[in-house]
Amino acid sequence: MTLSAEIALRLGTLDLHADLEVRPGELLALLGPNGAGKSTLLRCLAGLAPIDGGRITLDGVVVDDPSTDTFIEPDARPIGFVFQSYLLFDHMSILENVAFGLRARRTPKADARRTAAEWLERVGLTEYADQRPRTLSGGQAQRAALARALATNPRLLLLDEPLAALDAG
């Protein structure tokens, strides 16, 4: 997926201006001090924070352009997002958390659970499938959040502080 974004956003004291392009297979890392707008930029790309100006396109499709009142809702964008705080649902099992995005896209329950189980196996969390998020360590919760983001087969994956809770191994 080709991502092209020119973003202007003023939020409190933050005056964010970013211009970026990422082609298929490329990896882009944002580095900067706390408060620089890294998480806010990711939220803009995902459609969770509206931009004041500019344009965001995914594979040539405009998903956000305030000048033309174009805005595609976050759930309709082919994007996976792993939040810094993971945002796992406490009332759901780990398996249900991973299946959530698929179910939101109307995937039949059995298919969503099968795909979720496959992703839990890939991230080494099969034995935690029936547990609640509060029972997981930080690294385990992060892997569960990553599995949830990848289960929907996104074209673009956004990771906020992706290495924060992982063990070196």
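Author: Two packed helices are described by two quantities, the angle between their axes and the distance between the axes. This is a predicted model. In it, helix 2, residues 94–104, packs against helix 4, residues 138–151, at an angle of about 30°. Their axes lie 7 Å apart.

Reader: Is helix 2 roughly parallel or roughly antiparallel to helix 4?

Author: Angles under 35 degrees count as roughly parallel. Helix 2 is therefore roughly parallel to helix 4.

Reader: Is the crossing of helix 2 and helix 4 left-handed or right-handed?

Author: The crossing of these two helices is right-handed.

Reader: Which residues in helix 2 meet which in helix 4?

Author: From helix 2 come Ile94, Asn97, Val98, Phe100 and Leu102. They meet Ala144, Ala147, Arg148 and Ala151 of helix 4. By kind, the residues of this contact are seven nonpolar, one polar and one charged.

Reader: How many helices and strands does the protein have, and in what order do they run?

Author: There are four helices and seven strands. Starting at the N terminus, the order is β-β-α-β-β-β-β-α-α-α-β.

Reader: What do the overall dimensions say about the protein?

Author: The C-alpha trace spans about 45 × 35 × 30 Å along its principal axes. A compact globule with 169 residues would have a radius of gyration near 15 Å, and the protein, at 17 Å, agrees with that.

Reader: What share of the residues is buried?

Author: Of the 169 residues, 43% count as buried. As for contacts between residues at least 6 apart in sequence, 58% join residues at least 24 apart.

Terms used:
Residues numbered from 1 in each chain as written. Predicted model: local features only at pLDDT ≥ 70, side-chain atom pairs only at ≥ 80, totals over all residues. Heavy atoms only, no water. Axes fitted to C-alpha atoms, helices over the stretch in contact; angles between N-to-C directions. Parallel < 35°, antiparallel > 145°, perpendicular 65-115°, else oblique. Left-handed = near helix turned anticlockwise from the far one by under 90°. Contact = heavy atoms within 4.5 Å. Nonpolar A, V, L, I, M, F, W, Y, C, P; charged D, E, K, R; others polar. Rg over C-alpha atoms; globule rule 2.2 N^0.38 Å. Buried < 20%, exposed > 50% of the residue type's maximum accessible area, 1.4 Å probe, protein only.
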